[in-house]
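Trainee: Could you walk me through how the labels for this structure are reached?
Mentor: Gladly, let us look at it together.

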Amino acid sequence: MKSKGNGTPIQCVQNLLQIVRGECPFDRTKGVSSEFYDMPRDEAITGLIEDATWAIETYEPRVNIDDMNIEVVEECNGNYILNASVSESTE
């Protein structure tokens with residue numbers, strides 16, 4: 001998290017996607033589930049995108065999800081980046 005500016009919708013989405021579910025002491029469902037880390041790659045990608053979509057829709061209603069994908073950084077180590085393209089909601 002940044003020291004300032006954490007209240008903007010875009011920053012809140014970024015923070016939300018970096019939280020592992022269960023890590024937030026007063027809201028154990030906030031964040032993205034860790035259950036996808038040991039799954040086969042295709043299943044994990046699909047599940048992780050669905051789970052991240054649910055988390056954003058549930059905890060950050062100020063944004064619309066335009067696109068979401070996972071970029072594999074290092075295939076052999078299982079490192080990835082979860083990218084979410086969002087825009088601020090006009091509602």
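Predicted model: local features only at pLDDT ≥ 70, side-chain atom pairs only at ≥ 80, totals over all residues.

Trainee: What makes Arg-62 and Glu-60 a salt bridge?

Mentor: Their closest N and O atoms are 2.6 Å apart, and the cut-off is 4 Å. So the pair qualifies as a salt bridge.

Trainee: Why is Glu-60 called buried?

Mentor: Its relative accessible area is 6%, and buried means under 20%. Glu-60 is therefore buried.

Trainee: Which residue forms a salt bridge with Asp-51?

Mentor: Arg-21 does, with the closest N and O atoms 3.1 Å apart. The pair links distant parts of the chain, 30 residues apart: Arg-21 sits in the loop between helix H1 and H2, Asp-51 in helix H2. At 12%, Asp-51 is buried, whereas Arg-21, at 25%, is partly exposed.

Trainee: How do you know that the buried residues of H2 line one face?

Mentor: Among them are Ala-44, Leu-48, Asp-51 and Ile-56. Seen down the axis of H2, the buried residues fall within an arc of 165°, so they line one face of the helix. The face turned away from that side carries the exposed Asp-42, Glu-50 and Glu-57.

Trainee: What makes the pair of Trp-54 and Tyr-59 edge-to-face?

Mentor: The ring centres of Trp-54 and Tyr-59 are 6.2 Å apart, and pairing requires them within 6.5 Å. Their planes stand at 85°, and over 60 degrees counts as edge-to-face, so that label applies.

Terms used: Residues numbered from 1 in each chain as written. Heavy atoms only, no water. Buried < 20%, exposed > 50% of the residue type's maximum accessible area, 1.4 Å probe, protein only. Helix = DSSP H or I, 4+ residues; strand = E, 2+ residues; numbered from the N terminus. Arc of directions from axis to C-beta. Phe/Tyr/Trp six-rings, centres within 6.5 Å; stacked < 30°, edge-to-face > 60°. Salt bridge = Lys/Arg side-chain N within 4 Å of Asp/Glu carboxyl O.
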